[in-house]
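Thanks, everyone, for making the time.

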Amino acid sequence: MKKILVMKLRHHGDVLLSTVLYKALVEQFPGVQVDALIYKETTPLLQNNPHLHAVLCIDRRLKGWARVKAELGLVRRVRKAQYDAVIHLTDQWIGALIAGFSRAPVRVEMEYAKRDNALWHACFTHRITPPPRGQAHAVELNLLCLKALGVDPAKVAGEMVLVPGHAELQKAQSLLDSAGIRGRFVLIHPAARWPFKCWDDDKFADVVAHLMNRGVHVVLTCSPDPVELRMTQHIEQLARDRITHETTVMVNWGGQMSLPLLAALLKLAAYYVGVDSAPMHMAAALKKPQVALFGPSWVNEWRPWSDVATVIWAGDYGPLPHPDSINTDDPTRLLSAIPTQVVVDAVDRMMTITDAPIADTTS
């Protein structure tokens, strides 16, 4: 194998989880050129990735003829590249068509029930059948595609790769300096794309105050989404009334973090606390001790891929709907059954991991 294209047309966390496959391909096929095809908005997670030669993009903001023209150009570009293998990890038709027209000798599909038709299968030469839903982690599912290339995925140690840039690390350090944060701090990202993945503001505020009262600085982050901003601001307000440790600092940088800057800030953090979201996977990729709260998601598939992560599942404390029955437009938070004390205890255990990197802005 000299040239391989991997397509992962999904959300940010999914793209980060696919970095295990890029690394495995480079290790299994020395000298191979690995390219990725992803949605344009997820490209920040692949910045500085040492295992990728090129990152191709689909811009979902394009509409009508502009989108058609761009994707036809992408099909021609892939065909001209003469890949030895094309691996399609998701169920988008554009990926199947790109694979089919690529003329690659090996074209790999993941099996999807809704794509079980002759036209879809005709685009590929190899089909990978995953285990039943919830029985394997997303990392393990990505690595299954190695079978089509003659590699036993069970013998590959999957490792995510996230490399914060030097400029972002300097900016993150400067932000910490300006805030007066010196030494150990925890980054807390309490929000998620969908409200059903979120915990109660009041309980999160208790955890924030507990950390600060133990002498740990806290950095709060979230996306620029107005709902997430309001949630994070509310948590901050509630927590400030419960803090008794006067030497600790809490800052709320919600809506102010690009993904590369968030990665740099996580690199400098000692610990991470959050819910099922892309920053959780970023913390895992950076090997940060963390506490992750889960609701009605496929926990075994989407938990942090980490040896230093504690997962707290709401289903252990109350009934949850089936993951496939969730209405993502419903604003109901479904993690409410998780008791505050359970999270506080997990956070205390997390802080016993003494080899966690600690930001030191005194130099």
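Before I come to the helices, one term: a crossing is called right-handed if the near helix is turned clockwise from the far one by less than a right angle, and left-handed if it is turned anticlockwise. Please also keep in mind that what you see is a predicted model.

With that term in hand, let me take helix α8, residues 201-213, and its packing against helix α13, residues 340-350, where the crossing is right-handed. The two axes lie 10 Å apart and meet at an angle of about 30°. Angles under 35 degrees count as roughly parallel, and therefore α8 is described as roughly parallel to α13. On the α8 side the contact is made by Lys-203, Asp-206, Val-207, His-210 and Leu-211, and these meet Thr-340, Val-343, Val-344, Val-347 and Asp-348 of α13. Sorted by class, the residues of this contact are 5 nonpolar, 2 polar and 3 charged.

Now let me turn to the packing of α8 with helix α9, which spans residues 226-240. Here the axes are 8 Å apart, and the angle is about 55°, which means that α8 is oblique to α9. This crossing, too, is right-handed. The residues that α8 brings to the contact are Asp-201, Asp-202, Phe-204, Ala-205, Val-208 and Ala-209, while α9 contributes Met-231, His-234, Ile-235, Leu-238 and Ala-239. In this contact we count 8 nonpolar residues, 1 polar and 2 charged.

I will move on to the spaces. How many cavities of 30 Å³ or more does a search of the whole structure find? The search finds 1, and the volume of the largest cavity is about 60 Å³. Its lining is formed by Pro-44, Leu-45, Gln-47, Asn-48, Leu-162, Val-163, Pro-164, Gly-165, Leu-259, Pro-260 and Ala-263. That lining has 8 nonpolar and 3 polar residues, and no charged ones.

Finally, there is the second largest pocket, which holds about 200 Å³ of space. Around this pocket we find Gly-158, Glu-159, Met-160, Ala-284, Ala-285, Lys-287, Trp-305, Ser-306, Asp-307 and Val-308. The lining of the pocket divides into 5 nonpolar, 2 polar and 3 charged residues, whereas the lining of the largest cavity has no charged residues.

Terms used:
Residues are numbered from 1 along each chain as its sequence is written. This is a predicted model: local features need pLDDT of at least 70, side-chain atom pairs count only at pLDDT 80 or more; totals for chains, interfaces and linings use all residues. Side-chain values use heavy atoms; hydrogens and water are left out. Axes are lines fitted to C-alpha atoms, for helices over the stretch in contact, and angles run from 0 to 180 degrees between N-to-C directions. Helices (H or I, at least four residues) and strands (E, at least two) are DSSP runs, numbered from the N terminus. Angles under 35 degrees count as roughly parallel, over 145 as roughly antiparallel, 65 to 115 as roughly perpendicular and the rest as oblique. Contact means heavy atoms within 4.5 Å. Ala, Val, Leu, Ile, Met, Phe, Trp, Tyr, Cys and Pro count as nonpolar, Asp, Glu, Lys and Arg as charged, and the others, Gly among them, as polar. On a 1 Å grid over the protein atoms alone, a cavity is a set of points where a 1.4 Å probe fits but cannot get out, and a pocket is an open set with protein on both sides within 12 Å along at least five of seven lines; lining residues have an atom within 4 Å of a point. Grid points are joined across faces, edges and corners, and a volume is the space filled by probe spheres set on the points.
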